[in-house]
Amino acid sequence: MKTIGIDIGDCQFRLSYLDGSIPKLISDSLGRTAFPSKVSFLPGGGSRQGYDADMFGIPENTILHPMTLISKSPEELLGLNGRYAYEFLPDGPRVVINAHRVFVSASAVLIALFSHAKKLAEEYLREPVENIVIAIPDGMDDPARIRIKKSAEVAGLRVKQLLNQTTAAAFGLKFDRGRTRRNIAVVDMGASHTAMSVIEAGNGRLDMLVTKHCPIGTNNFQEALARLISIKASGQDIFRTDNEFLKNELMIEAGYALIELSSQKTVEVSISGLGPRGQRAVINITRDQFEQTIQSYLRRLDREDLFRTRYQVFDAVIAIGGGANIPAVKNLITRSLGKTLFQMNTIDPSSAVALGAAIKGGVIDGLIDSHSVERTVHDLGTWYKGNYMDVLVPRGTELPFANSKTYSQNSGPYRERVLQYVGTGSGQDKSEADPQVLALADKRMSLNGNSVKITITIDASGITEYKVTDGGNGRETILTGFSIS
C-alpha cells in the first residue's frame, strides 16, 4: 500500500506519491495540484473543504490558517479575536471556534482537511490510502506535533513520520543525491513563521546540522498590505474598527495583491465598501509602497539572528514557502547568507516539500536508498529544585533519542513537570518563570522511595513520551499533557 506525502500549509496543501521511485503530485479531476487549506462548517453538521469551502463558504464559517491555529495555546487563540470573521471562545481549559454558531476545535479543522486529502488521494490513485508522511513547520512544539498526528489518525491515516519542511524540501530538490557532501541552507517562510535549517547533504543522506525559527511570516506581510490598501482607499485603518466583514475582504484582496507584487511593480486593487459613501474603491499599490510598510518586519527578521549560525559558508541557499517569493525577502536572505538563491528548472520550489514527503515515505518503506537525520528544535527537560529546568535533551539532539536521570527526592508528595524551552538560546538553566518555557506535562503524585527517575523518549517524528519511575517500588507513571481537543 502506497505511502503518500502531504505539505499542509496555512494557505494551501499539496499531496504526492511515488510512481516507482519518482515522486509525483496528486491532482483532482480538474488537474489542480494545490488545494485551499480551508474548511467551512455547516449548521446541520458536516463540512466543506478545499475548493468547495473556498467557493461556497461564508467568512463566518470558513476557518483559515489551520497550522497557525493548531500551534497556538488557548491564550494565544483568544488573542486572535478580531482578526477573523469567526470568534474564539473559552470552553473550560480549551478554546472552541464559533463558526457561525457551529462550535469546533482547531483539531476538527485539521481532521476535516486530512479526511479531504485522503479522499483526493484515493480518487486519484484508485486504491485505498492509509499511510502518510506529513511535512510540518520546523518550529512546531510537542503539543502541536501530537495534535497534528492524532488529527491524521482520526481521519483514518497512519502517520509514518512528521517531517520538518526544510528536510522535505531538500529531499524534493534532490540534494540527497550526488557523491559530494555539501552544506545547504534552507529558508522556509510560511504563513506564521520563518525557519532556517543548515543541512549537510549528499551521498544518499541529509543531516540537519542546526535549525532556527522565529514567529514572523507571510501573514504579517499580508496584514501590513491590507492596512496599506485600507488607508489608501478610505483614509482610515479598518483594522482599528469592528468591521469584521471589511477586514476579511481586505485580507483576501491583500493575498491576491501580495502574489502579484512578487512579479509586478504595481498592482490595481478593487474593493467594495471603502470608497465615498460605501462605494467600490479602485487604487494602485506599488511594490515600493508595500516594501516601506514591511520594513519593521524585515528588520525584526534580521534582528532575530535567524540567519546567523556557526556555519558561514554554503554551497546552496534554498528559499521555500509563500513569503520566499517576496522580492524584499529574497534580497534579505541573499544579503544575509551571501549567496544567490538556488533555482532548479525541473522542479517547482512550491512543490518540493510535498514531493520530499513522498520520498521520505519511500525511504521508510525501503523503496528508496537514502537517509535523513532530523534533530530536536527545542531544549527539553524536567522541573528541578529552585524552579529551574534541568535539560535532559538539548536542542539539536539527533532523533530518535532517549535519556534518563535519577533525582534524590523525599518520599511522600511529589510534583513532576516536563518543560520545553521554545526560545533559540542555549544553556542548561531555564527559569520556570521564563515566558518561553512551555509546560508539557504537570502531575502531582506520591513517592514510596527516596528517589525518582525521569525518562524522556522521543520518536523519529519528534513526539515525546515522559515516564516517572518511583525509586521505592518501581511504579511507572506515563505523563502526557495533550489531546486533540
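Analyst: A salt bridge here is a side-chain nitrogen of Lys or Arg within 4 Å of a carboxyl oxygen of Asp or Glu. By that rule, the count is 22 salt bridges. The model is predicted: local features need pLDDT of at least 70, side-chain atom pairs count only at pLDDT 80 or more, and totals for chains, interfaces and linings use all residues. Residues are numbered from 1 along each chain as its sequence is written, and side-chain values use heavy atoms, leaving out hydrogens and water.

Start with Lys405 and Asp390. Their closest N and O atoms are 2.8 Å apart. Lys405 sits in strand S22 (residues 401–408) and Asp390 in strand S21 (residues 388–393), so the bridge ties together parts 15 residues apart in sequence. Strands (E, at least two residues) and helices (H or I, at least four) are DSSP runs, numbered from the N terminus. Asp390 is buried at 15% relative accessibility, while Lys405 is partly exposed at 34%. Buried means under 20% relative accessible area, exposed over 50%, and partly exposed in between (1.4 Å probe, protein chains only).

Next, Glu130 bridges to Arg158, with the closest N and O atoms 3.6 Å apart. This pair links distant parts of the chain, 28 residues apart: Glu130 is in the loop between helix H4 (106–125) and strand S11 (131–136), and Arg158 is in strand S12 (residues 158–164). Glu130 is partly exposed at 31%. Arg158 is also partly exposed, at 46%.

Arg308 and Asp302 meet at 3.6 Å, N to O. Arg308 is partly exposed at 44%, and Asp302 is partly exposed at 28%.

Finally, a network of salt bridges links Arg83, Glu223, Arg227, Asp237 and Arg240.
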